[in-house]
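Let's take a friendly walk through this structure together.

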Amino acid sequence: MNGFGHFFLEAYWWLSLLGGIHCLLLSLYIRYIYKESQDNHKLLAGIFSLVSLYFFTGLINYQNSPAPLHMLFVLIIPVYFLLMPMLYLYCKRGLSQEVMDVRYSWHYAPALIMCIVAVTTVVWGWYHASDGWQLAFDSMGRLEHLGVVGTLLPALLSIQACVYFVLLLKLLRRYRGRSHRAHTESLRDIKFRWLLALTTALLGNWVIRMFLLILPFYLGGEISPVEKALPRLLLLLTVYGLAIFGLKQITRAAYLRGTLATKPTVSQRSSSQLLDSEELSFLQKILNEDKD
């Protein structure tokens, strides 16, 4: 059993490394190379950057951690409060015809509040746990208030995910009930399928992570190496699937735009040909009258 557990610990480490690198490269590609609808794709790049951070945290353990894991846990978790708001704003902006400035949206307020609470908690505990600022890092793990905040953060994050799940469901259903013109509906349906796939994939992985990691954490059960590695494996496979599906949708959209762009040219040529035929008929009629 020791060898079996060691194998999954190694798999967990490699999955974290590969997933973090691939998600980071994908976010850089979306942010700096794929520049179509650049403003909205900044949100998508930010989403994959947060996913890469989630993978990279799997590389941290008691041996290589620069600080106690309790402190790092409290400082990193608030960043994940940006994930669901960014996904919601990305979907809303992608389906809306209006120009939206999402840089200063109120949806980011919970993440900002959680970051302030986390930093304040760590700094306050660091200062009051012993004589001034001479606190050794080893004693940070024994701070009770730090443990309380660290226990509450996953619960608050889960509540936020549930709220945005309802908001995303309403948003996608509201769009699905609308009617559009034929060519506009085709282009927007491609975007709708991409947004639906992205939303389903991220929320599905969140549910898996909740049942395998978060619930055992609160119930006091021991998390096995298999349960730790499985969510990352599924998330990595999901990222690969989204990348392939996204490229397919981009290709279909480009083909449809090219088809629509050629239609005015065809109609314009047809009009000119009809005009030329009338002129030829008129001239032919004059020639026939002259012969008579």
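How far apart do the end C-alpha atoms of residues 192-217 lie, and what share of the span is helix? They are separated by 36 Å, with the span 100% helix and 0% strand.

## Ground rules

This is a predicted model, in which local features need pLDDT of at least 70, side-chain atom pairs count only at pLDDT 80 or more, and totals for chains, interfaces and linings use all residues. Residues are numbered from 1 along each chain as its sequence is written, and side-chain values use heavy atoms, leaving out hydrogens and water.

## The fold

The chain has eight helices and zero strands; these are DSSP runs numbered from the N terminus (helices: H or I, at least four residues; strands: E, at least two). Of its 292 residues, 38% count as buried, meaning under 20% relative accessible area with a 1.4 Å probe, protein chains only. Residues 24 or more positions apart supply 76% of the contacts with a separation of 6 or more, where contact means heavy atoms within 4.5 Å.

UniProt, in an unreviewed entry, places "transmembrane region" features at several spans, including 69-90 and 192-217; such annotations may be inferred rather than shown by experiment. For residues 69-90, the end C-alpha atoms lie 32 Å apart, and the span is 73% helix and 0% strand.

## The largest pocket

The largest pocket has a volume of about 1,400 Å³. On a 1 Å grid over the protein atoms alone, a pocket is an open set of points where a 1.4 Å probe fits, with protein on both sides within 12 Å along at least five of seven lines; lining residues have an atom within 4 Å of a point. The volume is the space filled by probe spheres set on the points, which are joined across faces, edges and corners.

Of the 32 lining residues, Y12, I60, L69, F73 and K228 are the closest to the pocket centre. Helix 3 gives the largest share of the lining, six residues. By type, the lining divides into 20 nonpolar, eight polar and four charged residues; Ala, Val, Leu, Ile, Met, Phe, Trp, Tyr, Cys and Pro count as nonpolar, Asp, Glu, Lys and Arg as charged, and the others, Gly among them, as polar.

## A look at L213

L213 sits in helix 7 and counts as buried because its relative accessibility is 14%. Leaving aside residues up to four places away in sequence, L213 touches Y54, I223, E227, K228 and P231.

Key:
Buried < 20%, exposed > 50% of the residue type's maximum accessible area, 1.4 Å probe, protein only.
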